Amino acid sequence: MTFFQTGLLIVFGFFIIFSVVVFSGILPIFNTAPDGVGGEVVLWGTTPALSLEKPLQELNDNNEEVFSVRYVEKNKDSFDEELVEALASGAGPDMILLPHTLIVRHENKVMPIPFESIGARAFRDAYAEEGELYLRHDGIIALPFSIDPMVMYWNRDIFTNAGSAKPPAGWDEFLTLAPLLSKKDTSGNITRSAIAFGDFSNIKNAKDILSMLVLQSGNPIVEVIDGTRRVSFRDQRGLVMPPAQSALRFYTEFANPAKPIYSWNRSLRDAREMFAAGDLAVYFGYASERTAIRAESPRLNFDVAVVPQTRDAKRKTTFGSVTGVAVLKSSRNAQTAFYAAFALADKSFALAFTSASGLPPVRRDLLANKPKNADVFTSVFYDSALISQGWLDPRPDKTKEIFSEMVRNVLSGRSTVSTAVSAAHEGIAALF
């Protein structure tokens, strides 16, 4: 048995006991450090440092004689590259806040938690369903830390002036709402849009919106069967038309000038800019975008709702961005890093982070108890967190290009919907 293997046995033997109290929502605060735990560990992530400042300060104060966590915020666009370079030079962090979109990319750098420490049943009971993306056949890649669900922001004035009392609950409602809510000038140019669907370049969350439509239709995009990952993007899934084809067809028709629902084209401003300016009836964005929207347009009369669903759906679904606390194999203080990871996943820290960030918690025990003094948006965020889903993305940058090309080829007429979906399927599969 190697020194490394012996070290792992010591670490996980400790956490078999420790994990029980964590998943009960009770994290013990020790006056003295348990054997092998001590010192500072470094955590990297793209979560805004401001939302972690107060919770981390409290955690470190409560454990000042045991351990401390130092958080380093990284730019979302360069996080992947910086991490790889830091690990190659031996200067990487002990832990990372691992987005679900980078699980496939970085799982070989992470030290998984064995099921002997935390059973799959206890894990599923503890976290919102999207957190199960961190479950692997040989253990847990990361402990879910945060969740940011996609919601529907809607302009109350536009709906009211059109005689519509409430936002749509089903996608089919847009077929009648789009002609009522959209406006065009005498030359046929769109001056106000009902919905930012159709193109890709000027729709910030286009890839995630398309993913959401496919997931809502019952296709997981990537499924895991007996520990093996399989791309299912073009699968028919027992339906007349493959879900991805239905989703792509619906999405792109809003950019077809020949259709009565024509509401979007690539000459328009960015979707969120248009919404903030009062020229877009609905905007599909994340819960975390609320603050920015309010800052961009303080007088905008908007509200939020759970994203529309398909009428025949057996379950509600939205897309969500989930992150988890993962301990890197390269950590020089692995036992302390795991101890800190469990502390960050604890109920008390989750409450503090939710309060500071405005995001819903990822823990089920907290999602079951909505704050009584919360604002009107919070209830929707909590409900959306519970129904959030995602998929194991092999390379987010590359799959974004694949989705963009898929949409572009359909809009230009270069490909049929069926051919475009098949090409996207092959492109995603090749990345694995």
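1. Start with Lys74, which lies over the face of Trp44, at 4.2 Å from the ring centre. A charge counts as over a ring when NZ of Lys or CZ of Arg is within 6 Å of the ring centre and within 35 degrees of the ring normal.

2. Some housekeeping before you go on. This is a predicted model, where local features need pLDDT of at least 70, side-chain atom pairs count only at pLDDT 80 or more, and totals for chains, interfaces and linings use all residues. Residues are numbered from 1 along each chain as its sequence is written, and side-chain values use heavy atoms, with hydrogens and water left out.

3. On to the aromatics: a search of the whole structure turns up 22 aromatic pairs. Rings of Phe, Tyr and Trp (its six-membered ring) pair if their centres lie within 6.5 Å, and planes under 30 degrees apart count as stacked, over 60 as edge-to-face and the rest as tilted. Trp154 and Phe159 are edge-to-face, because their ring centres are 5.4 Å apart and their planes stand at 85°. Both Trp154 and Phe159 are buried (under 20% relative accessible area; exposed is over 50%, partly exposed in between, with a 1.4 Å probe and protein chains only).

4. Phe197 and Phe250 also make an edge-to-face pair, 6.3 Å centre to centre with 85° between the planes. This pair links distant parts of the chain, 53 residues apart: Phe197 is in the loop between β8 (190-195) and α8 (206-216), while Phe250 is in helix α9. Helices (H or I, at least four residues) and strands (E, at least two) are DSSP runs, numbered from the N terminus. Phe197 has a relative accessible area of 0%, so Phe197 is buried. Ring pairs join Phe197 and Phe250 in a cluster with Trp171, Phe174, Tyr251, Phe254 and Phe284.

5. Now Ser232, in the loop between β10 (228-231) and α9 (243-253). Ser232 counts as buried because its relative accessibility is 0%. Leaving out residues up to four places away in sequence, Ser232 touches Asn219, Pro220, Ile221, Val222, Glu223, Arg237 and His425, where contact means heavy atoms within 4.5 Å.

6. Strand β6 (residues 143-155) pairs with β12 in the antiparallel sense over four bridges; pairing takes at least two DSSP bridges between two strands. Met152 stands opposite Ala305 in β12.

7. Last, helix α15 (residues 376-386). Its buried residues are Phe377, Thr378, Val380, Phe381, Tyr382, Ser384 and Ala385.
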